[in-house]
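Dear colleague,

I am handing over the structure below, with notes on what was found in it. Please read the notes with the model open.

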Amino acid sequence: MKFTNKKTIIKNGVEIIDSDINAKEGTISYGILNSHNTSGNINKLQIKFDALVSHDITYVGIIQTARASGLEKFPLTYALTNCHNSLCAVGGTLNEDDHLFGLSAAKKYGGMYIPPHLAVIHSFAREELASCGKMILGSDSHTRYGALGTMAIGEGGPELVKQLLERTYDIDYPEIVAVYLTGNVKNGVGPHDVAIAMCKEVFKEGKVKNKVLEFVGPGVENLSVDFRCGIDVMTTETTCLSSIWMTDEKVKNYYKTHNRVEDYKELKPQQFAQYDAILEIDLSEIEPMIALPFHPSNAYTIKEFKLNAKEILTELDKEIEKQYPKCSCKVLPKLKEDGFHVDQGVIAGCAGGIFENITCANDILKGGSTGNDAFSLNVYPASQSVYLDLVQKGVIGDLMESGAVIKTAFCGPCFGAGDVPANNAFSIRHTTRNFPNREGSKPGEGQLSLVALMDARSIAATALNGGILTGADELDVKYTDYEYTYHSDIYKKRVYDGRNNANKEEDLVLGPNIADWPKLKEMPEQVLLKLASVLRDNVTTTDELIPSGETSTLRSNPYKLSRFTLSRKDPEYVQRADAVKEIEDTEKRNELFKNLNKFDGINISDCVFGSGIFANMPGDGSAREQAASCQKVLGGWGNIAVEYATKRYRSNLINWGILPLLCDKETAKLFDVDDYVFLPHIKKDLLEGNEQTEAYLIKNSKPEKITLKLVSMTKDERDILLSGGLINYYSKNI
């Protein structure tokens, strides 16, 4: 695997050539982005999507925000799936209350409602919504359907609100990176192995950050569509913006199988296509992989891991002790004379629960046993159609006979709400992420379990070996080439399809936990921040900003959810933010400003006092807008970073009226908890479009002048900030 960061020309999608021609318009990406752009300027895109998708952790907040901004009906296809808060025993009635809200919203505004356990969000979108040359926006970061010819993007909920209000998704034209595939995979290698190897190559240096990955090359035709989808969904973990693949007869057959052959068209680059960089992957060189905690890029081949397990696990234990001093978790003791022992295997969700992954796992396990000790194997087909076809072909029965437990379509194992391992347990999973707490443990309370990512094939091989880590290439297995049968009647009988049939007389069903957003203030002339948290890690994930797992049941209640902000990373943050908010909301405010007025320039009548966060690079991972909205609920007005990990998180900050400030690395060293940062001209700088703003760092009432940046901000983004957030912006403009 080799990444080259330079202009590359590819001929007919399969041949790298040496040429200086200008062929920017020759990529598949250019054609799709251009056809969806409404600005008239390809360099400044204003995109309108063909469809939207959300699940039950996000759609309540999106619809509530859009409703507060004047929503009357869904102007495009909007599918509301229910695959995250599916366990309705968790949190009392809260989850099912959200589901009834979703159904009532689909009736009122004209949308699609997919009941719990019927399909995970991305499986439903692949089966029913993807279409060659189209674009889909989802409020889940793994919104990726590029293998089916659909350019899909995962964003925070406010970006979907913009589409519901018939506004646009505004970005500069992204760089396009060719992912050039050659060769064919070896026996026992699966899509997760390719995806993990990609993450290892490109993530740490941000090689493809906010870029579009375009999969081309002669190796594409050697992969099944399921295999391509398994790679494609994991491109999110590279921090790219989106992905797209060449399409061929295999993709056409996929659409034919799903009764939508009219949605297929051949997509391939023009004779000459120009890319900004190229990632070359020889599929024949990929080996079974393991991504160790705490990121998909922390990866090794299974062979390499087994050869060096003692050294690797010793370093992992040091990292665990450093990050989680309250926990006594140790991994090295799991290394025995006969190998590395794991405690659990899970094959689930949009990455793992694919038909082909499960049939391959069954081919490995058939006639064998997962054993009767601590190790367990849980398998979640990604949709009821996949489940039914696996039943009819005998695969489910075989898996059950081997000891595997089969469960319904559910994303829980991917975000910490299903199959939570025991304290100090080690789980291997074909899911999308292995961040801390994604498996459901609570390290802040001294409990920690760990997740490593592996392909379904190697998970099955490990299960067959009683939980001793085993790569699928260590077994001689003949894989069965099953022909998948799509069972569309399941959706026809259960999915509410109200597209183009809005009923404004329908009442929304609002459970007791569903709360409106608090009122947002407009941007004042000046902002005084008090840093309520300073995070020095290289990267801060959205899971650390607002944990997944048990908090998912509270995402319809902004205030209750906000109490969990940074609870895993900085438990004192909420208390500090509360103290700032109390001062701003009471007479203590005048006393504070009076004390600080030793520093000239504070206009008490038009200055807001709010909390702020500094982090080196915040926002990697999930698209969840709550990573920003919770800060706003707690009185947050600004974040300061050296760099924002993803466009998604930066957009979420803007849409919730939080200033996405940037500083250089030297300035970053100055910040401490409880420091003040004064922005005397922030409103003026936003109005004038300035890319930096004068600021003062105040320690012990002593000001030091610093420069903070407001770069690459569109006029709409500035106007949203000036309005105090997206809700205010649309309330004023509709």
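Cysteines, pockets and cavities

Cys411 is buried, with a relative accessibility of 8%. Cys607 is buried too, at 3% relative accessibility. Please keep in mind throughout that this is a predicted model.

A disulfide calls for two cysteine sulfur atoms within 2.5 Å. By that rule the count is zero disulfides. Cys411 is in none, its nearest cysteine sulfur being that of Cys83, 3.6 Å away.

The largest pocket holds about 1400 Å³ of space. Its lining is made up of 44 residues, and those nearest the centre are Glu319, Gln323, Asp537, Asn538 and Val539. Two elements give two or more residues to this lining, namely α10 (309–323) and α24 (665–668). Of the elements, α10 gives the most, with six residues. By class, the lining of the largest pocket has 17 nonpolar, eleven polar and 16 charged residues.

The second largest pocket has a volume of about 1000 Å³. It is lined by 36 residues, and Ser224, Val225, Asp226, Glu356 and Asp481 are the closest to its centre. Here the elements that give two or more residues to the lining are α4 (121–129), α7 (225–232), α8 (249–257) and α12 (355–365). The lining of the second largest pocket divides into 15 nonpolar, twelve polar and nine charged residues.

The largest cavity has a volume of about 220 Å³. Of the 22 residues that line it, His55, His84, Asp140, Phe415 and Arg438 lie nearest the centre. The elements that contribute two or more residues to this lining are α4, α11 (349–352) and α15 (412–415). By class, the largest cavity is lined by seven nonpolar, ten polar and five charged residues.

The second largest cavity has a volume of about 60 Å³. Its lining consists of Tyr324, Pro436, Asn437, Pro443, Asp543, Glu544, Arg568 and Lys569. By class these are three nonpolar, one polar and four charged residues.

Leu535

One residue was looked at individually. Leu535 belongs to strand β26, which covers residues 526–535. Is Leu535 buried or exposed? Leu535 has a relative accessibility of 6% and so counts as buried, the cut-off for buried being under 20%.

Which residues does Leu535 touch, once its neighbours within four places in sequence are left aside? Leu535 is in contact with Thr540, Leu566, Lys569, Asp570, Ile613, Phe614, Ala615 and Asn616. Among these, Asn616 lies 81 residues away along the chain, and its C-alpha atom is 6.9 Å from that of Leu535. Another of the contacts, Lys569, is also one of the residues that line the second largest cavity.

That is what was found.

Regards

How values were computed
Residues numbered from 1 in each chain as written. Predicted model: local features only at pLDDT ≥ 70, side-chain atom pairs only at ≥ 80, totals over all residues. Heavy atoms only, no water. Buried < 20%, exposed > 50% of the residue type's maximum accessible area, 1.4 Å probe, protein only. 1 Å grid on protein atoms, 1.4 Å probe; cavity = no way out; pocket = protein on both sides within 12 Å on 5 of 7 lines; lining within 4 Å. Points joined across faces, edges and corners; volume = space filled by probe spheres on them. Helix = DSSP H or I, 4+ residues; strand = E, 2+ residues; numbered from the N terminus. Nonpolar A, V, L, I, M, F, W, Y, C, P; charged D, E, K, R; others polar. Contact = heavy atoms within 4.5 Å.
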